[in-house]
Amino acid sequence: MEDRTERISNLFNTINGWVVAEIALGIVLVWAFVQIAQRVLPWLADLLPAKLRNPTLNTVPILRVLALLLLILWIVPLIFNVTLQNFIFIAGAMSVAIGFAIKDLARSMIAGFFALFEKPYRQGDWIKIGDDYGEVITVGTRAVQLRTPDDNVVTIAHDRIWTENISNANDGFGTLMCVATFYVMRDQPMDKIAPLLKSVAQTSPYLDLDRPVIVIGKNEPLCMVYKLKAYPFEPRNQFAFITDLTERGNAALFDAGVVTASIPQELLSSNQLP
């Protein structure tokens, strides 16, 4: 018993006022650095060209992790008498505490560490996890936050990457594909529809001129289904871009005398059509 008590007492250094002040100073400096980085870098990213926006945003979680590691490396030697024997003792005690007390938090934090380097999502990406789709606004230590098209902020723990597929619409790049769908009745000339829809996309003010415009037609039991696929210059314009393609595409088909189909709502909601 005395040996165990002596071992525990040898773990700690003498704590005085200067040590407490140095620890407090380290926490304040790291907190201030993280807060400045989380505000300045997103502001700077909005001023940069689209190709530099995502790489700039991606530095925020990396800087946060580095700052936390530096804080730990700063504080631990001030509190603990760091020796190999003490390290093994502390690591064993902490592993037991983590395993029984905060295993879910540890699971999410470990997944966040892997997410930081494997990059299934980055700040500025548009992703879908489960039923949630939105722009990644924060990649934290425990969770990722999305801003949905309805302007809701959804917080999702990183450990979802172990159990669910993650769909990333732009994967770190400055643009993503948008799709507008058109339903066209049969028994009318089809050869002019694809060029007509392509010209609609090519005249959109949101179009990224460096990416291709694609039109795909497919036979379905009730009609022909055309998908107009193109890329907006900025991912945040995706919904305005789809709206523009849909409205002007339907108007162009109407002006050209192309008859579109009215699909029953129950078929659309049951996903019987693509």
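Predicted model: local features only at pLDDT ≥ 70, side-chain atom pairs only at ≥ 80, totals over all residues.
Reader: Where should I start with the sheets? In what order do the five strands of the open sheet stand?

Author: Read a sheet from one side to the other. Here five strands form an open sheet in the order 4-3-2-1-5. The pairing is antiparallel.

Reader: Which strands stand at the edges of that sheet?

Author: Look at the ends of the order. Strand 4 (153-157) and strand 5 (166-168) stand there. Each has a single partner strand, so one side of each is left without a neighbour in the sheet.

Reader: How do I follow the pairing strand by strand? How many bridges join strand 2 to strand 3?

Author: Take one pair at a time. Strand 2 (residues 132-139) and strand 3 run antiparallel, joined by four bridges. Find Glu-135: Arg-147 in strand 3 stands opposite. The two strands form a hairpin, with three residues between them.

Reader: And how many bridges join strand 3 to strand 4?

Author: Five bridges join strand 3 (residues 143-147) to strand 4, and these two also run antiparallel. Ala-143 has Ala-157 of strand 4 as its bridge partner. Val-144 stands opposite Ile-156 in strand 4.

Reader: How many residues lie between strand 3 and strand 4 in their hairpin?

Author: Five residues lie between them. Asp-151 has a positive phi of about 65°.

Reader: What should I note about phi at Asp-151?

Author: The phi of Asp-151 is positive, and the residue is not a glycine. Next, check the place and the exposure. Asp-151 sits in the loop between strand 3 and strand 4. Asp-151 is exposed, because its relative accessible area is 52% and the cut-off for exposed is over 50%.

Reader: Where is Asp-187, and is it buried or exposed?

Author: Go to the loop between strand 6 and helix 6 (193-202). Asp-187 is there, and its relative accessible area of 83% makes it exposed. Asp-187 is not a glycine, yet its phi is positive, at about 60°.

Reader: How many bridges does strand 8 share with strand 6, and how many with strand 7?

Author: Strand 6 and strand 8 pair in the antiparallel sense over seven bridges. Val-184 stands opposite Met-224 in strand 8. Strand 7 and strand 8 (residues 224-230) pair over six bridges, again antiparallel. On that side, Lys-218 has Val-225 as its bridge partner, and Gly-217 stands opposite Tyr-226. Strand 7 and strand 8 form a hairpin with four residues between them.

Reader: How many residues of strand 8 are buried?

Author: Six of the seven are buried, so strand 8 is largely enclosed by the rest of the structure.

Reader: On to helices. How far apart are the end C-alpha atoms of helix 2?

Author: Helix 2 (residues 17-47) has 31 residues. At 1.5 Å a residue, they should span 45 Å. The end C-alpha atoms are 45 Å apart, which agrees.

Reader: Which residues of helix 2 are buried?

Author: Start with the general idea. An α-helix has 3.6 residues a turn, so residues three or four places apart point the same way. Now the case here. The buried residues of helix 2 are Val-19, Ile-23, Gly-26, Val-30, Val-34, Ala-37, Leu-41 and Ala-45.

Reader: Which residues line the largest cavity?

Author: Among them are Asn-58, Pro-61, Ile-62, Ala-115, Leu-116 and Tyr-121. Helix 3 (50-79) and helix 5 (103-118) are the elements that give two or more residues to this lining. Helix 3 gives the most, with three residues. By type, the lining has six nonpolar, two polar and two charged residues.

Conventions
Residues numbered from 1 in each chain as written. Heavy atoms only, no water. Pairing = 2+ DSSP bridges. 1 Å grid on protein atoms, 1.4 Å probe; cavity = no way out; pocket = protein on both sides within 12 Å on 5 of 7 lines; lining within 4 Å. Nonpolar A, V, L, I, M, F, W, Y, C, P; charged D, E, K, R; others polar. Expected span 1.5 Å × (residues − 1). Buried < 20%, exposed > 50% of the residue type's maximum accessible area, 1.4 Å probe, protein only.
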